[in-house]
Amino acid sequence: MEWEAPALVLSATPYGENAVVAHVLTAEHGAYRGLVRGGASRKQASLWQAGNLVSARWFARLPEQLGNLGAELVHPSAARIMLHRLPLALLSSCCAVADGALPEREPHPRVFDGLVKLLTLLSLDAEEAQRSGVVALIRWEAALLADLGYGLDLTSCAVTGEAGELSFVSPRSGRGVSAVGAGTWRDRLLPLPPFIMNAGDVGNPSTWSQGLRLTGHFLARDAFGARHQPLPAARSRLQDMIEAMPVAGEAPG
Amino acid sequence: MGGPEIERLIELLGKLPGLGPRSARRAALGLLRQPQARLLPLANAMEQAARTVRTCARCGNLDSRDPCTVCSDPNRDQGLICVVEGVGDLWALERAGVHRGLYHVLGGTLSPLGGIGPEDLNLSPLLARLEAGGVREVILALGATVEGATTQHWLSERLAPSGATISRVGQGVPMGGALDVLDDGTLAAALMARRAS
C-alpha cells in the first residue's frame, strides 16, 4: 500500500525522541497520518511545519496501519509567513481547523484546493494577506462546512422566501434571513457580513469579526461538536485578535 | 540476567533521553565494572542534585541557588532579559557566551496540539520583573517554528505596555552554511529577514 501526492502539512506531533506523527491533507486521499522517522531532526523539522506544501509519500504494509510518511518541500508557506502576525494567525487557524474537522482518509478535493489557494495568498504577498486574508479564510471555512454537509443556505430568506438582500443567518438552520424577515428576532440571529455575498468586498475588522463568529458558530456546533471537541485554540485566538482590532484602523503587522 | 538490582538500573537508565535498552545495558555495564570510580560518584552526584537543585523563582532556570547564579550575578546587565523556551536553550546561550544579560524561561510555546495555552506558560514572573522597572529590552529567543513564532507575536503584544524594547533573534543562514545546501524554508526566512549592510 503506497501513494505519492502533493500534500499540505496540517500538524506534526512529537513521537519519541526524534520522530513525529505528521498529519497531512491531500486532494486524492484526504487527511492522512503517518510516522516520520527523524521528523524532529534538525534536517527535517523545518519541512514538517504546519502550512507547508510538500510532495508526500505514504507507505505501509496494510492500508489500516498508521504507515510511514516521507516528503520533499515544495512551498515553504510557514517560513514565509512567520514574521507577520495576522497571516501567521490565519495559517495556524486554518491548519488547526482542517486538522480537527476533516475525517481521516476521506477525499475532500475542494477543501484541499481552497486551502492551497488560501495559503498561497497568505505566503506570497504579506500586504495582500493583511488586506484580504481574513475574508479568504472565512470563505474557505464556509466551503469546508459545505463539503462536510453543514453548508449555509443563502439562496433565499427563510422567513419571506425572497431571494437577495439577506442580512442574517439563522444559528439553528444555517439559512439566510433578510432584514425584513428578521423582525424582532434580529438579536438572536447571526449577522451576515456583506463580503459573503459579494466576491469583490474585502470587508473590515468589524465585518471580519461577524464572519468569524458566523462560521465559528457552525464549526463549533457541527464540525467539532459532532466529535465532542471544542474549536481549536488557534481559531479562538484569531477571533480574539480580530475583535481587538480597531474598527476603522489598519490590520496590525 | 544479573539480579533485580541490575535490571532496575538498566530500566531506569533506558528511560533517559538518548538511551534505549541496548545503550542502557552498555552504560550499566560500564558503571558496574568500576563501582568506586564511576557508579558511586555518579549516585552521589545524582542524589545531591536531586536534593539541592530547584527552579529559580525569578527566571525559571535550574540551579542549587534561588535566585539562580545568573540572576544573582551583579556583573550581568540587569536591563536586558532574554526569553527562552526551556532551560536547554538557556544553557546553549550560556555556552555561546554571547548574552551578558538575564534570562527568563517560558517553559514551552503555545501549542494547541500539545495542549499548551497561555495559562500554562511561565509568564507572570516576567511581567512582575517588567513592572518592577529597570528593564530596557526583552529579547525573544524562541524557536523558528509556527508555534515559536505564534508565541513571539503573542508575547510581543503582552509585553508592549511595559515600554521596554521587544526584539527577536534573527533567522537565516547558519555559520558555515552554503546557500545551495540550505532548505527552502531557511532560505526564504533568511531573504525575508535581510537587512542593509
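**Salt bridges in a predicted model**

Let me begin with one pair in chain A, where the side chains of A:R110 and A:D147 meet in a salt bridge, with 2.8 Å from N to O. A:R110 belongs to helix α3, residues 109-124, while A:D147 belongs to helix α4, residues 126-147, so this pair ties together parts of chain A that are 37 residues apart in sequence.

How many salt bridges does the structure hold over all chains? The number is 15, and I will walk through a few of them.

One of them joins the side chains of A:R57 and A:E2, at 2.7 Å from N to O. Here A:R57 sits in strand β4, residues 53-59, and A:E2 in strand β1, residues 2-15, so the bridge ties together parts of chain A that are 55 residues apart in sequence. A:R57 is partly exposed, with a relative accessible area of 34%, and A:E2 is also partly exposed, at 47%.

Another bridge links A:R213 with A:E243, whose closest N and O atoms are 3.1 Å apart. Since A:R213 lies in helix α6, residues 205-224, and A:E243 in helix α7, residues 233-243, this pair ties together parts of chain A that are 30 residues apart in sequence. A:R213 is partly exposed at 37%, and A:E243 is partly exposed at 40%.

Finally, turning to chain B, salt bridges that share partners join B:R8, B:E11 and B:K15 into one network.

How values were computed. Residues are numbered from 1 along each chain as its sequence is written. Chains are lettered from A and ligands numbered from 1 in the order in which they are written. This is a predicted model: local features need pLDDT of at least 70, side-chain atom pairs count only at pLDDT 80 or more; totals for chains, interfaces and linings use all residues. Side-chain values use heavy atoms; hydrogens and water are left out. A salt bridge is a side-chain nitrogen of Lys or Arg within 4 Å of a carboxyl oxygen of Asp or Glu. Helices (H or I, at least four residues) and strands (E, at least two) are DSSP runs, numbered from the N terminus. Buried means under 20% relative accessible area, exposed over 50%, partly exposed in between (1.4 Å probe, protein chains only).
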